[in-house]
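Open the model in your viewer and keep the selection tool at hand. The tour goes from a contact between two chains to one chain as a whole.

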Amino acid sequence: MTFLRTESLTKKFDGLCAVDHVTFEVLPGIILGLIGPNGSGKTTLFNLITGFSQITEGQVYFDDRPIGGLPAHTIAEMGIARTFQLVRVFQSMTVMENMMLGFKGHVGEAPWKAIRRGQQYVQQDAKALAKAYDLLDVVGLRQAANERAENLPYAEQKMAEIARTMMGDPRLIMLDEPASGIAPTLVNGLLDYIRRLRDQQGKTIVIIEHDMRVIMNLCDRIVALDHGAKICEGSPGEVSRDPSVIEAYLGGG
Amino acid sequence: MGYSFLLIHLATLVAIYGILSISLNLIMGVTGLFDMGHAAFFGVGAYTTAILMTQLNVPWVFSIAISCALAGLVAWLTGIPTLKLRGDYFAVVTMAVGEIARSVFRNWMEVTRGPLGIPNIPHAEFLGVTFTPGIPFLGLACVFLAMMLFLSQRLIFSPFGRILKGIRDDEGAGVEALGKDSYRHKMQVFVIGSGMAGLAGSLFATHIGYVDPSTFTLWLTNFILLIIILGGKGNSIGAVVATALFVFLREGVRFLGLPTSIAAPLQQWIFGLLLILAMLFAPRGIVPERTDRWRPAPAPPPGPSVQEGGR
């Protein structure tokens with residue numbers, strides 16, 4: 001059984017082919033890096049897999065089930081969580097409200113249960129709260145729990161966003177440039193956190209990142225894109241020596 | 001005597017419009033859906049009650065319940081095509097729905113009696129008690145206001161409410177990424193809010209005893225919109241406070257003894273001035289939106305917990 005697999009995944013915008021017949025596979029428990037120059041289709045590929053963009057052609061399989069064409073929330077519900085290139089924490093809400101919103105399957109999401117507040121509601125609330133505090137401890141944001149997200153520095157908002165995706169117990173976490181906009185001194189902490197997700201919790205992670213240093217010492221496997229097409233796949237060592245990757249990045253003919 | 005009766009009448013209006021403000025606040029203040037046709041649902045509630053009670057002799061309790069349900073049903077039907085639209089398109093379409101409702105009230109002579117309106121709507125009566133205009137009906141309206149306030153607070157400060165605020169903060173994409181169906185939740189709050197508006201409309205019909213199409217216009221929607229912005233978007237209590245302020249201001253101007261040609265524009269002036277003052281000095285409104293607070297964080301566990309991140 002394959003964990004996540006794309007098959008000839010394609011996205012066309014009018015004449016432009018943003019993602020061009022990309023086929024790759026993600027094995028469970030690894031960190032897979034998605035690299036490529038600007039405009040090579042990395043984020044579009046993310047959007048196709050997570051249902052935020054309509055697939056033109058091809059299919060995505062999660063646990064061998066085709067998920068292409070399902071609405072974004074259904075895919076998220078199945079266990080694929082994502083973050084966005086530009087941070088997407090809810091600005092008017094506190095960090096804790098954001099965290100609580102990441103909790104999945106709360107009965108209080110139905111209005112009548114929210115009004116009634118039965119025993120199950122109270123129990124789930126307590127469970128979500130405890131979990132949120134645990135996750136905030138890990139990223140060092142416990143003290144900021146009751147702070148509105150808009151008042152936090154950008155780096156902390158990014159950490160909160162990643163912590164929030166963890167509230168839903170995802171099996172696959174897709175991070176779109178998590179280190180961008182974060183001070184270099186803080187990046188190591190972030191990378192440690194991502195590694196711990198893999199090593200201690202067995203999460204699978206797909207990460208888009210521009211910083212080669214980050215990618216090379218974090219990822220188990222790398223897929224390189226250029227002009228929407230996959231040009232290379234392999235271990236960090238293999239990819240960094242691949243002539244097509246070097247050319248795409250250094251801009252040959 | 002005259003003045004106290006007037007005061008009671010105004011207080012009753014505050015309670016009724018308060019419910020209307022709470023309901024639009026759920027839809028617009030909390031969820032960020034720019035509903036410009038809210039007066040239509042108020043009108044559906046008022047007309048339903050008027051017709052049921054005068055023409056079909058339906059008891060009040062059932063009339064108010066049916067009014068509520070029918071407003072919700074109309075909202076559901078409106079929501080199916082419109083709630084998939086982005087913000088500004090939604091505003092345009094709901095505005096059209098408001099206009100359609102108004103012209104139905106005005107032109108469906110056989111049922112609504114058109115511009116003549118429906119007079120002689122009986123008083124609310126329940127378990128043998130008749131809620132005559134004055135203190136009895138004011139009490140009834142206040143009971144409903146309290147109920148709706150309670151309901152809205154429970155909704156806002158719950159997982160359901162947090163999804164709504166999430167939808168407001170970034171057009172739904174963010175909550176979708178967390179596995180929440182934004183369309184479904186928009187629909188739920190739209191139906192609940194509109195049903196609540198229907199309830200307010202029903203109370204309005206029995207309070208005034210007469211309905212005609214001139215009440216349910218875009219003007220009313222704007223009036224409530226203004227109340228929400230001034231009261232504090234997303235805060236139900238703010239909505240009620242601002243309702244009281246506006247209703248008393250609006251009616252107060254009428255009793256200054258000024259000729260209509262001056263009093264009417266003066267009203268608009270005052271509202272405009274208030275809005276500007278609010279934007280300058282209280283951009284979040286008189287009673288700003290409150291975030292949900294949990295009891296102070298339990299003391300952090302000793303030592304770095306990083307290593308035990310849960311395996």
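Two residues count as in contact here if their C-beta atoms, placed from the backbone, lie within 7 Å. The model is a predicted one.

**Stop 1: the contact.** Select chains A and B together and look at where they meet. How many residues does each chain bring to the contact? Chain B brings 34 residues and chain A brings 38 residues.

Now select the elements of chain B that give two or more residues to the side touching chain A: α6 (135–156), α7 (159–170), α8 (173–177) and α9 (182–208).

**Stop 2: all of chain B.** Chain B contains 12 helices and 2 strands. Start at the N terminus and follow the elements of chain B in order: α-α-α-α-α-β-β-α-α-α-α-α-α-α. The radius of gyration of chain B is 21 Å, close to the 19 Å from the globule rule for 311 residues, so chain B is as compact as a globular protein of that length.

The C-alpha trace of chain B spans about 75 × 40 × 40 Å along its principal axes.

**Stop 3: inside chain B.** What percentage of the 311 residues of chain B count as buried? The figure is 48%. Finally, consider contacts in chain B between residues at least 6 apart in sequence: 79% of them join residues at least 24 apart.

Key:
Residues are numbered from 1 along each chain as its sequence is written. Chains are lettered from A and ligands numbered from 1 in the order in which they are written. This is a predicted model: local features need pLDDT of at least 70, side-chain atom pairs count only at pLDDT 80 or more; totals for chains, interfaces and linings use all residues. Helices (H or I, at least four residues) and strands (E, at least two) are DSSP runs, numbered from the N terminus. The radius of gyration is taken over C-alpha atoms; the globule rule is 2.2 Å times the number of residues to the power 0.38. A residue is buried if 20 or more other C-beta atoms lie within 10 Å of its own, exposed if 12 or fewer, and partly exposed in between; C-beta atoms are placed from the backbone.
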